[in-house]
Amino acid sequence: MNPTTPFDLTPLEVVEALDRHIIGQHTAKRAVAVALRNHLRRRKLPEALRAEVAPKNILMIGPTGVGKTEIARRLAKLARAPFLKVEATKFTEVGYVGRDVDSIVRDLVAASVAMVEEERKAAVADRARAAAEARVLEALLPGGSDEGRASMKQLLTAGKLEDRVVEIEVEEAGGGAPMLNLPGMEQMQEQLQQAFGSFMPKKRARRKLSVREARRALMAEEADKLIDHDEVQRDAVWRAENAGIVFLDELDKIAGDASTSGPDVSGEGVQRDLLPIVEGTTVQTRWGPVATDHVLFIAAGAFSVSKPSDLIPELQGRFPVRVELEELSAVDLQRVLTQPEHALTKQYQALLAVDGTHLEWEESGVQAIAEAAERVNREVEDIGARRLHTVLETVLEDVAFGTDLGTVRVDAAYVERKLGDLVEDEDLNRYVL
């Protein structure tokens, strides 16, 4: 079975697409591009060989804020692949009693189901809208004449009735029994909800809504009726198994600390629990059994205290591709501010334009912001590009508050005046920047 597959992107096309959103980190981009391409190549192999080809999982090493998560998220979006980001530390919460690691697979399939449902509903959107408007028309003019309906339909189509209030019958969101927050109970709770939900009738209620809101609610109902949910689930499971991408963050936090006398028992236990999922196993979900043999895992961590070699050997072996991401220099930070498709400077320009404030970014001002962020990262704590948000908020505080209005030219002098001595004073920038 081979349902709708992701775009057939070449590694060069993947890197070029990532370059539009992420600055630098060319080595990491090449690695994930090749991994994605191999993901796609495998599907074109003979069936016997296809089953034997395992994904080449990737371990990205680098400080926070340099683009690790964004690379994985953008990669999944490019490939239209189910994507899940999960922190390894969540499995060590409250001592050793963390979440069940099988929840990774269940959450990945849930994301896949949502993705496929959205695609199928988009495909039937025109039919759903026509059915919804027919129901809205009936609510506007119940039992009316053909002439009256035709006249009302013209007004509805022209958008002249959007704010009129109508009373319609809609499905109520099911409340259900509260979920118990107990480890190991998630699968049982999902099965119980599925079993009871299959024969419990859906509640319906009459609500007064504007025509605009009624159309939206009824379109969702009609689209849900038009799609084949069994087919959606089959497609979603296939896509999760063959195209799914799991981004496993903070892997270094569960690695043994070389500065201690022995490994962290909790961390090593989580590593051993994760091992079968990464190696390839089958997990029972509410959508049926799901195999992880061909899910692509991208792990990441700073590894500033521990090292990749502190991971258990079995887990190390499941991440054969390792790339080290570089710290961001002032030049990199300046490019982050201006070059991406939705760069921060463009975002602030658009946000403040809503209130009639026109921001003019001078190159000297952008350079001064980047240098200030790089200096604080170097002297206090390196949080990468995330430091730019803090510096920008400080520089533009008066503009955003409404003190500086009209046209505001952000040059080096303006940045220096707004930051003042904050960047130079270590005690102050530790808390403010």
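Me: What do the side chains of Glu 268 and Arg 272 do?
Reply: They meet in a salt bridge, 3.5 Å from N to O. A salt bridge here is a side-chain nitrogen of Lys or Arg within 4 Å of a carboxyl oxygen of Asp or Glu. This is a predicted model, where local features need pLDDT of at least 70, side-chain atom pairs count only at pLDDT 80 or more, and totals for chains, interfaces and linings use all residues. Residues are numbered from 1 along each chain as its sequence is written, and side-chain values use heavy atoms, with hydrogens and water left out.

Me: How many residues apart are Glu 268 and Arg 272 in helix 11?
Reply: They are 4 residues apart in helix 11 (residues 265-279), so about one helical turn separates them. Helices are DSSP runs of H or I with at least four residues, strands are runs of E with at least two, and both are numbered from the N terminus.

Me: How accessible is Glu 268? And Arg 272?
Reply: Glu 268 has 25% relative accessibility and counts as partly exposed. Arg 272, at 41%, also counts as partly exposed. The cut-offs are under 20% relative accessible area for buried and over 50% for exposed, with partly exposed in between (1.4 Å probe, protein chains only).

Me: Asp 100 and Arg 106, buried or exposed?
Reply: Asp 100 is buried, and Arg 106 is too. The two form a salt bridge, with their closest N and O atoms 3.4 Å apart.

Me: How many salt bridges in the whole structure?
Reply: A search finds 29.

Me: What about Lys 307 and Asp 310?
Reply: Their side chains meet in a salt bridge at 4.0 Å, N to O. Elsewhere, salt bridges that share partners link Arg 129, Glu 133, Glu 162, Asp 163, Arg 212 and Arg 215 into one network.

Me: Changing topic. Which side chains of strand 3 are buried?
Reply: In strand 3 (residues 165-171), Val 166, Ile 168 and Val 170 point to one face and are buried.

Me: How many bridges join strand 3 to strand 4?
Reply: 7, and the strands run antiparallel, strand 4 being residues 204-210. Two strands pair if DSSP finds at least two bridges between them. Glu 169 stands opposite Arg 206 in strand 4.
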